[in-house]
There are 2 protein chains.
Amino acid sequence: MSKTAATAGFMSMKGGGYYSKATIGAKHTIDRATHLILEAIERMDPADDGTPFTMSDMGCADGGTSVSMVGTVLKEVRRRVPSRPLQMVYTDLPRNDFSQVFQNIHGQTDIETYIDEIDDLYVFASATSFHKPIFPAGTLNLGFSATASHYISEKPGVISDHVHMVGASGAEREAYVEQGRLDWERMLLNRARDLAPGGRLALFNFGIDEEGRYLGSTGGADMFDTFSRLCADLRDQGVITAEEFVNTNFPQSYRTVEQFTAPFRDTANPVYQAGLRMEHVETRVVACPFAVDFKEHGDAARFAHEYIPTLRSWSEATFASGLSTARPVEERQAIIDRFYDSYEALVRGAPDGHAMDYVHCYLIIEKVAA
Amino acid sequence: MSKTAATAGFMSMKGGGYYSKATIGAKHTIDRATHLILEAIERMDPADDGTPFTMSDMGCADGGTSVSMVGTVLKEVRRRVPSRPLQMVYTDLPRNDFSQVFQNIHGQTDIETYIDEIDDLYVFASATSFHKPIFPAGTLNLGFSATASHYISEKPGVISDHVHMVGASGAEREAYVEQGRLDWERMLLNRARDLAPGGRLALFNFGIDEEGRYLGSTGGADMFDTFSRLCADLRDQGVITAEEFVNTNFPQSYRTVEQFTAPFRDTANPVYQAGLRMEHVETRVVACPFAVDFKEHGDAARFAHEYIPTLRSWSEATFASGLSTARPVEERQAIIDRFYDSYEALVRGAPDGHAMDYVHCYLIIEKVAA
């Protein structure tokens, strides 16, 4: 789930741990991989030496999807190193709603938080981009980031016949792959600087798995192909211009497992040289909660009605930014409404195969002493 | 200026350091005492030992009124200890607009910021109350807080014949003084825990000076007496009930210099025992920028029109909370509008003597080794 989606989808959480369906998939992605982080701490075997132990969630959105995992992990660290003060640092970009992060973590919302269950714990936020150093060098012990690194720092050109790089080809695709490589290595180099020797990174990101699957493309209808086709329909109907279609591109790069792991396999790579080593990699598919529900209730109209808003929550900004600013705002809004209405009608008419299954690559990285 | 006022009044700042008048007084309060902090750093004489140096602004609101001072101070620290990473931590309550803080400090607004002028600097936020530990014990080097400690953690009862404790008497006043003492000592004890040995606190707070002056009461019309009288007029006119008048009380305690300094003069006080020592105390009056302008332009209607909104920005919540929730919201809003309209009419008719001059007590505190 994109950062926008994680926030926008956070409609409510009831006492027992109920999340809105729009967020539960992103939360499952993290929760079900918590053991990977606990195992990394086991290997890290931190010294009980009284110095601060710092963990971070980089690209945290409202902090809600990671809160169960962070609580579990910090309790384990507290158990292992009772003498060490714990610092938990939530990071995202300056426009993120950090007040919501703090309200969630400080127990001022319905979200179940860990803050009163762990002593000697200090919670902070940072709005420094993860493409820069976030911490004094060598002071981060455990860095976590989920579903944030697919956003690239700039669009390296247009994709003329599709809306997402997963549907691009040739030089257009290469440009997105290359931007993805640059951003990935830059992010990793800055974490290599942040991390203390023996520190770990847990990076769970959208990617393309060994079978070529990715978000919304796991065997049935391809979500990004559907986005692209419906957008092309608007062009063919004269609703938008050819130029607007060309300009509609997600500023994202989905990396293959090969691309995620390349900096750790090449001993000459600056990331390897900076001391980062891969300890673990795997990919997983987490099922779309709306499609799972549809199998139960079988109501196509209901499925379409519930499913489209979660797609819209993280994709609308991209479709809006493709439209010419010469159009009045109301006209742009009407085009976007028509676009998502067409997607809903499509799903309602032929629901089978539609699903935004999550496909993540899970990496555990160690920082070795220089 | 209250935190609310500092935020609400932040209308704009142009390139060369122009602030809206609603904030310039609060900014002057800080800027003109910057030398006290620089002198404290001189005495502190921090070691250039490569460890992180941590500064904080506790009760920062949007970070705008302190940004010039923080930049000056951090540049001086950088000059003295080039090997030490600098951490700047902005704290306030969870509902504070931390996104605005980060946008201001990261240079995404018109506010002139220091962030790109100081290397090896890391900016964070915390939403932990300053009545609790904010940092791992012994890791804060320089704590700053301005115009925040007059808010008390709870209202210790009503003030039956006034709206603010400065106009209260007898047991009612004593209750506010006592709550002020408890909160002050609790805040200081938590800072004694946060501070590194040799660390310093710079605390600039609303108070009552040696001549009995306080915010809005420096010889002319008394602002809080005016608030109280106009509120009583509404009661006498039957607009609000006697109970509503009684329930309208600022949750604030203004301390005298004697009260501010008591924990440092009594060697048996827990604050003294925890290692805090007073290095410097002084009081100052910073002139109301609206009254200063009025002396220039002489236009009473303009003065009244410009002056009341800044009072309203930080006092409205108190007057709103005194009204019965049995009244519809629109009715409450109409009463509040009428209240401030009456204040504006009063100033327009007889402008002389109205002024919200700032009266602060400036304390510099040292943490000595245990």
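Good morning. Axes here are lines fitted to C-alpha atoms, for helices over the stretch in contact, and angles run from 0 to 180 degrees between N-to-C directions. The model is predicted, so that local features need pLDDT of at least 70 and side-chain atom pairs count only at pLDDT 80 or more, while totals for chains, interfaces and linings use all residues. Residues are numbered from 1 along each chain as its sequence is written, chains are lettered from A and ligands numbered from 1 in written order, and side-chain values use heavy atoms, without hydrogens and water.

I begin with chain A. Helix H7 (residues 223-236) packs against helix H13 (residues 329-349) at an angle of about 125 degrees, their axes 10 Å apart; helices are DSSP runs of H or I with at least four residues, strands are E runs of at least two, and both are numbered from the N terminus. H7(A) is therefore oblique to H13(A), given that angles under 35 degrees count as roughly parallel, over 145 as roughly antiparallel, 65 to 115 as roughly perpendicular and the rest as oblique. Residues in contact, with heavy atoms within 4.5 Å, include A:Phe227 and A:Leu230 in H7(A) and A:Phe339 and A:Tyr343 in H13(A). By class, this contact of H7(A) with H13(A) has 10 nonpolar, 2 polar and 2 charged residues. Ala, Val, Leu, Ile, Met, Phe, Trp, Tyr, Cys and Pro count as nonpolar, Asp, Glu, Lys and Arg as charged, and the others, Gly among them, as polar.

In chain B, the axes of H7 (residues 223-236) and H13 (residues 329-349) come within 10 Å and cross at roughly 125 degrees. H7(B) is accordingly oblique to H13(B). Among the residues making the contact are B:Met223 and B:Leu234 of H7(B), with B:Ile335 and B:Leu346 of H13(B).

Back in chain A, helix H3 (residues 34-44) and helix H4 (residues 67-80) have axes that come within 10 Å and cross at roughly 20 degrees, which means that H3(A) is roughly parallel to H4(A). A:Ile37 and A:Ile41 are among the H3(A) residues that meet H4(A), where the partners include A:Val73 and A:Val77.

Finally, the pocket lining. Which helix gives the most to the lining of the largest pocket? H1(B) does, with 3 residues. The lining as a whole divides into 14 nonpolar, 13 polar and 7 charged residues. Thank you.
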